[in-house]
Amino acid sequence: MRDLSVLDQLIIGRVDPHIYAFTTNTIPNYLKVGDTYRPVAVRLQEWREHFPNLQKEYEHIAKVSDDIYFRDYAVHSFLEGDRHRSRLLPSDITQGVYYSREFFKDASVRDLTEAVDDIQRDYDENSGKYQFYSAETGLPETYTYERTETYPPRPNQDKTIRQFKAAVENGRTNLLMYAVMRFGKSFTSMCCATEISANIVVIVSAKADVKEEWKKTVES
């Protein structure tokens, strides 16, 4: 029988994504946090080319369900936002040391445990804090707000909706809603679309940061 040991080094079966972390005396007081689709041991061996004395501190499957996983970006977000752990900067290391921005100062294994718990909680509650990915396609999952809000239009909004509907019924096709700040234009606009039984609504804005607000209004 032929020796197949070389193939064992080249061919790796399906491996679930994992979050891993290690420390190294080369960059003391920092925790390196990454993810990998290969066995963690294989990925750590690659890192040993830069940090021969690294010590593995953490390993955890990066899945919240059988077909949904998360990336190390989610863990990094928790470390920076919730635990205020700062990233390694190029100025923090000596010349010749390999630089990676995935090192976090004073981060701990407990931080990672709490991060994974928070990510799982976010997925279960569908709160939209983190990005998730499909294990089948590798593409980001589209977050959908839950249908939780039910309330009637305010009197001034209701008046606008009735006027809009009447104008459309009279053959008007080019209308402009002019309203003060906090009027509720997004909500009122969708009510207008509902009143005229619109099949397609196209939202165009010069400000990209209103996209999420529209999405939340429409879905919730």
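**Aromatic rings and a helix**

Mentor: One aromatic cluster is formed by F22, W47, F51, Y98 and F103. This is a predicted model, in which local features need pLDDT of at least 70 and side-chain atom pairs count only at pLDDT 80 or more, while totals for chains, interfaces and linings use all residues. Residues are numbered from 1 along each chain as its sequence is written, and side-chain values use heavy atoms, with hydrogens and water left out.

Trainee: How many aromatic pairs does a search of the whole structure find?

Mentor: Rings of Phe, Tyr and Trp (its six-membered ring) pair if their centres lie within 6.5 Å, and planes under 30 degrees apart count as stacked, over 60 as edge-to-face and the rest as tilted. The search of the whole structure finds 11 aromatic pairs. Among them, W47 and Y98 are edge-to-face, because their ring centres are 5.8 Å apart and their planes stand at 75 degrees.

Trainee: Which residues of helix α6 are buried?

Mentor: Helices (H or I, at least four residues) and strands (E, at least two) are DSSP runs, numbered from the N terminus. In α6, residues 185–195, the buried ones are S186, F187, T188, M190, C191, C192 and A193. Those buried residues pack against α5 (155–169) and α7 (211–219), where contact means heavy atoms within 4.5 Å.

Note on methods: Buried < 20%, exposed > 50% of the residue type's maximum accessible area, 1.4 Å probe, protein only.
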